[in-house]
Amino acid sequence: MKLGAFDLPDLPDLDGIRACVHCGICLPQCPTYRVLGEEMDSPRGRIYLIRAAAEGRVGITETFTHHLDLCLGCRACETACPSGVPFGRLLEQTRGQIERHGHRRLSHRFLAGLTLGLFPYPGRLARLLAIVALYQHSGLQRLVRASGLLRLAPRLAAMEGLLPPLGSWRARELPELVQATGRRRGRAGLVLGCVQRYFFPRVNELTARLLSLAGYEVLIPRDQECCGALHLHAGRLDQARRFARGLIAAFDGGVDLVVANAAGCGSAMREYGHWLDGDPRARQFSLRVRDISELLADAELPLRPMEVTATYHDPCHLAHGQRIRREPRALLNRIPGLTLVELAESDLCCGSAGIYNLLEREMAERLLELKVSRIAETGARTVVTGNPGCVLQIARGCRERGLAVEVLHPVELLARALSY
Amino acid sequence: MLTPEFLRELARIVGPAGVVATPEGRLTYECDMHTFYKGAPDAVALPTSAEQVGEVVRLCLREGIPVVPRGSGTGVIGGAMAPRGGVMVSTTRMTRTFEVDLLNRCATVEPGVINLQLTHAVKDRGYFFAPDPSSQMVCSIGGNCATNAGGPHCLKYGITVNHVLGLQVVTGAGELLWLGSKARERVGYDLTGVMVGSEGTLGIVTAVRVRLLHLPEAVKTILAVFSSVEDASETVSAIIAAGIIAAALECLDEPAIRAVEEGIGAGYPKGAGAVLLIELDGPRAEIEAQAEKIVEICRSHLALEIRVAQDEAERELLWKGRKGFAGAIGRLTRNWLLQDAVVPRSKLPQAIRALNAISARHRLLVAHVFHAGDGNLHPIICYDAEQPGELERAMQANEELLRACIAMGGSVTGEHGVGVDKAANLRLQYGEADLAFMARLRQVFDPTGIMNPGKLLPSHPACGETLSAVPPQSLPQGAWV
């Protein structure tokens with residue numbers, strides 16, 4: 001059962017490929033095209049390569065794989081495309097084919113395997129973070145950073161640089177149910193995420209608290225695992241499906257909404273209906289997914305004035321993946337005294353893109369450079385963005401370039417203005 | 001095929017990261033927006049300076065290798081593809097702005113600068129770059145020069161050649177020249193005029209000195225809805241007869257409206273037979289008076305609805321719909337052919353009727369989006385290459401459409417250029433002596449014929465050169481289940 005270089009299952013969507021009219025409107029929106037100016041590293045060129053593979057004109061070669069792996073999966077091209085090409089899906093399906101038939105560099109496979117084998121498993125991650133916390137608190141981190149040793153291992157340096165200061169290695173525990181305060185609006189399930197849960201446990205706490213204040217009873221299932229987003233983007237589709245089924249089951253206890261505070265998780269969860277085609281529960285689940293900013297934008301919250309100048313970076317998987325741009329800004333603008341300065345090219349990828357910044361360091365660095373200089377132009381001292389990957393990436397970029405800004409999730413800034 | 005020594009030499013000039021030589025990479029350069037015509041280059045060079053372009057051209061000249069310039073690859077005439085292989089020179093890394101001289105209202109930029117980005121760079125200071133092809137959010141200024149691009153607003157402001165003061169070019173003989181000057185007056189031969197619209201057959205543009213215009217004091221955009229394209233085009237004739245020079249007068253028919261609404265959601269009324277997008281700009285008092293007159297004309301021509309954009313956001317959305325149409329064609333069809341014929345404005349209603357009759361006879365959908373004010377038609381013939389026989393019917397209809405327009409006193413192309421798509425059609429418009437003279441002019445710039453061979457001029461039958469289209473590749477269907 002072959003179609004050119006591809007085979008079943010998860011064949012790249014042929015109608016999606018056909019929808020591309022090769023107009024090129026996506027080109028200037030594509031981060032890798034912006035940096036390289038090459039057709040095969042643009043969305044139009046990548047679709048053309050996928051099409052050529054389906055037609056049997058090219059094989060899944062190392063070069064083919066390289067151009068598809070260099071894509072950040074930011075989906076800015078989908079926002080730009082008037083013909084509605086489902087690029088994100090095409091990319092994931094093609095990466096699925098690459099996983100099965102392709103030629104990935106050994107170092108790429110090793111790093112991806114390491115990260116993807118770590119993040120979704122709370123137990124493994126917790127054990128690693130215990131070591132990391134020890135590394136930070138013992139003063140070893142200061143010594144290592146000062147020594148310049150990391151220059152010898154650039155990939156390790158990339159990972160090391162992303163580490164935020166960990167308060168305690170122990171995951172903070174949230175109750176399974178938080179009651180609603182004030183007028184009850186419904187029951188919301190909170191997705192804790194992987195990066196969010198271990199690197200930014202405060203964000204999950206604050207999300208639960210704000211949801212409660214907004215009138216939601218918050219269900220936080222203990223047994224929830226990863227949403228599978230990282231696996232999906234890497235083309236490990238079966239693994240992604242297993243995680244999706246697990247998460248759906250974890251929230252099966254009757255929630256009205258499923259709330260994500262990480263754009264990457266929310267975006268992937270909205271696609272469960274597609275990836276688990278034929279499972280009505282998956283479709284139902286996807287329809288219930290909300291980003292935290294959607295629920296808080298018009299909620300009744302007791303906010304007091306706070307003098308702060310902030311700027312907002314659009315996470316790709318919020319702006320492009322979920323088409324949510326207005327709500328996070330509206331939410332910030334509700335804080336009396338807050339001045340929101342628009343960030344130029346706010347929806348251009350910061351280079352984080354899941355585990356991309358570990359796999360494609362050079363491209364990720366060039367995009368981060370661009371993002372940091374745009375942030376510097378705003379003069380804001382606070383950068384707000386609703387995805388933990390972006391928070392880690394931008395914080396590191398600013399720190400390394402000596403730009404004194406604080407990078408926060410919207411709920412963190414909002415919580416500071418709470419007069420409750 | 002290029003020799004390893006040649007590729008090494010190329011890499012020496014533009015750097016190893018500036019050469020694309022893999023089969024996969026080259027494949028993605030085998031066509032521009034008109035995917036009907038395919039021809040992959042043997043290598044792609046991505047130079048970053050005029051000097052590098054010069055060295056690449058001289059290297060190719062020495063070895064007798066074809067040179068095919070390419071900007072953003074948004075053309076619709078098969079101009080930026082390599083029917084005979086050779087080296088494609090992509091200008092996408094030449095994006096510097098050398099000078100913005102607002103006092104003298106001009107700017108000097110490299111050819112890879114994107115059209116709309118130039119306007120964005122000077123808009124805050126009250127200026128803009130007038131040529132605005134629909135692809136302006138992605139097309140390059142070098143490409144605009146190559147095709148002498150137009151756009152909705154060229155009705156009032158003129159086409160690219162009217163906005164180019166000077167050009168730096170590398171000719172097919174390998175010389176680096178400056179044509180034109182900062183002043184609008186041209187001394188001696190108007191070589192800028194010769195170069196603009198030459199589609200890379202004379203040389204490669206390496207820098208452009210463009211005119212910038214003052215933004216108008218006020219802009220008014222009107223959307224008028226009609227039940228038929230005929231009513232809309234009668235309205236256009238009446239507006240022009242009334243002596244009003246609109247900044248833009250655009251028409252979209254029902255299928256085009258459908259595509260725009262599905263793909264962009266610009267607020268055009270779905271199901272309507274046609275809409276006219278009318279823009280006025282200039283001194284506020286003047287355009288207020290003109291707008292009143294236009295509304296009156298629209299009413300008397302049976303407009304169903306007349307909407308004036310209330311703010312800049314609404315105006316931008318209306319234009320986003322018009323300009324995004326080409327990208328939304330995928331909502332209508334899998335494959336298409338496109339004409340760019342110009343008919344005298346008075347013949348617009350008649351031309352539309354004739355074109356619709358032709359496409360109906362061939363049982364194909366045709367969508368119309370046209371610059372009504374100039375009589376510049378863009379009939380898009382929709383077909384599905386995977387259906388047996390449709391391609392042949394589409395090509396037949398395409399040919400008949402063009403002949404019908406020429407018979408009405410029209411021209412082969414309005415603004416897209418000639419490329420390979422319309423090269424043979426040039427004979428419909430010019431005599432042998434005219435074409436022979438153009439070929440001699442081409443030889444002056446490009447004595448050995450390395451520059452974008454096979455484009456613009458019809459090939460001489462005696463040379464045995466035929467530029468047959470490669471039929472679109474089909475995705476096999478059903479074969480694998």
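Domain 1 and domain 2 of chain A bury about 1400 Å² between them, and carbon and sulfur atoms give 60% of that; buried area here is the accessible area (1.4 Å probe) that two parts lose on being put together, summed over both. This is a predicted model, where local features need pLDDT of at least 70 and side-chain atom pairs count only at pLDDT 80 or more, while totals for chains, interfaces and linings use all residues. Residues are numbered from 1 along each chain as its sequence is written, chains are lettered from A and ligands numbered from 1 in the order in which they are written, and side-chain values use heavy atoms, with hydrogens and water left out.

**Domains of chain A**

- The domain assignment puts domain 1 at 8-104 and domain 2 at 308-417, with bounds that come from an automatic or database domain assignment.
- Taken over C-alpha atoms, the centres of the two domains sit 26 Å apart.
- Domain 1 puts 16 residues into the contact and domain 2 puts in 18, with contact meaning heavy atoms within 4.5 Å.
- Arg34(A), Val35(A) and Leu72(A) supply 37% of the area that domain 1 buries against domain 2, more than any other three residues.
- The rule finds one salt bridge across this interface, a salt bridge being a side-chain nitrogen of Lys or Arg within 4 Å of a carboxyl oxygen of Asp or Glu.
- Arg34(A) also turns up in a salt bridge with Glu345(A), at 2.6 Å, N to O.

**Chain B against chain A**

- About 3400 Å² is buried between chain B and chain A, 61% of it on carbon and sulfur atoms.
- Chain B brings 44 residues to the contact and chain A brings 39.
- Five salt bridges cross the interface of the two chains.
- Arg70(B) and Glu39(A) pair up through their side chains in a salt bridge of 3.0 Å, N to O.

**A helix pair in chain B**

- Helices H8 (residues 229-241) and H10 (residues 284-300) of chain B have axes that come within 9 Å and cross at roughly 145 degrees; axes are lines fitted to C-alpha atoms, for helices over the stretch in contact, and angles run from 0 to 180 degrees between N-to-C directions.
- Helices are DSSP runs (H or I, at least four residues), numbered from the N terminus.
- Thr235(B), Ala238(B) and Ile239(B) of H8(B) meet Ile294(B), Ile297(B) and Cys298(B) of H10(B).

**Gly117(A)**

- Gly117(A) lies in the loop between helix H7 (106-116) and helix H8 (122-137) of chain A.
- His231(A) is 114 residues away along the chain, yet its C-alpha atom is 9.7 Å from that of Gly117(A).

Terms used
Helices (H or I, at least four residues) and strands (E, at least two) are DSSP runs, numbered from the N terminus.
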